[in-house]
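Here are my notes on the model you sent. Please read them with the structure open.

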Amino acid sequence: MKLSNSATVLLAAVFLTPAYSAPMAMQSRGSMATSTSHSGDGTFYQPALGACGKKNASHDLIVAVSHAVFDSYPGANPSNPNKNPICGKKLRATYGTKSVVVTVEDRCVGCATGDLDFTSTGFGKLASLDKGRIHAVRWQWV
Ligand SMILES: *[C@@H]1O[C@H](CO)[C@@H](O)[C@H](O)[C@H]1NC(C)=O
């Protein structure tokens with residue numbers, strides 16, 4: 001009797017937990033839904049020939065998204081990243097009261113899911129370059 005009661009409680013917990021956590025999962029870091037807001041760290045790098053096949057420079061407002069976001073984008077072609085439909089998409093990144101619109105031209109291998117790797121010009125629109133890395137950058141597709 002005691003055993004079956006605890007088994008019931010255990011089952012209830014197993015079945016109820018996903019239902020209660022679902023709304024939070026929707027807002028989780030790096031969610032793939034295009035309408036949701038993503039968030040992660042912001043960094044900057046010196047671009048060259050990017051994964052999208054374009055040569056860009058530090059003054060270009062391009063961005064590298066994480067390999068996770070890049071590779072899971074609908075229509076991503078693993079054998080030819082240049083043809084990934086994510087290439088050329090614009091996103092608005094917001095940090096505090098500042099924001100910048102940048103175009104995806106590259107894939108960041110060292111980025112966690114929601115992270116963005118900007119050019120120095122792009123990063124500079126959000127924060128001083130001295131910071132190097134900023135946290136809680138929110139972004140969404142535009
Ligand atoms: C990136 O470089 C290409 C040429 O290689 C250029 O056409 C494009 O405008 C650049 N992107 C941005 C956002 O400046």
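1. Basis. This is a predicted model, in which local features need pLDDT of at least 70 and side-chain atom pairs count only at pLDDT 80 or more, while totals for chains, interfaces and linings use all residues. Residues are numbered from 1 along each chain as its sequence is written, and side-chain values use heavy atoms, with hydrogens and water left out.

2. Main core. The largest nonpolar core has 22 residues. Such a core is a set of buried Ala, Val, Leu, Ile, Met, Phe, Trp, Tyr and Cys residues joined through side-chain atoms within 4.5 Å. Buried means under 20% relative accessible area, exposed over 50%, and partly exposed in between (1.4 Å probe, protein chains only). Val65, Leu91, Ala93, Leu116 and Phe118 have the most contacts inside this core. Two or more residues each come from S2 (62-66), H2 (67-72), S3 (90-95), S4 (98-108), S5 (116-118) and S6 (134-141). S6 gives the most, with four residues. Helices (H or I, at least four residues) and strands (E, at least two) are DSSP runs, numbered from the N terminus.

3. Beyond its neighbours within four places in sequence, Val65 is in contact (heavy atoms within 4.5 Å) with residues including Phe70, Ile86, Leu91, Val104 and Leu116. Another core, of five residues, lies apart from the largest one; Tyr45, Ile62, Cys108 and Cys111 are among them.

4. Asn84. This residue sits in the loop between H2 and S3. Its relative accessibility is 4%, so Asn84 counts as buried. The Asn84 side chain reaches the backbone oxygen of Phe70 at 2.8 Å. It also reaches the backbone nitrogen of Ile86, at 2.9 Å.

5. Ala136. Please look at the backbone here. Ala136 lies in strand S6. Its phi is near 60°, a positive value in a residue other than glycine. Ala136 counts as exposed because its relative accessibility is 55%.

6. Ligand. Which residues surround the ligand? They are Lys54, Lys55, Asn56, Asp60, Leu61 and Ile62, each with a heavy atom within 4 Å of it. A ligand oxygen is 2.8 Å from a polar backbone atom of Lys55. A polar side-chain atom of Asp60 lies 3.4 Å from a ligand oxygen. The protein covers 53% of the 360 Å² of accessible area that the ligand has on its own (Shrake-Rupley method, 1.4 Å probe).

How values were computed. Polar contact = N/O pair within 3.5 Å; in protein donor to acceptor, adjacent residues only side chain to side chain.
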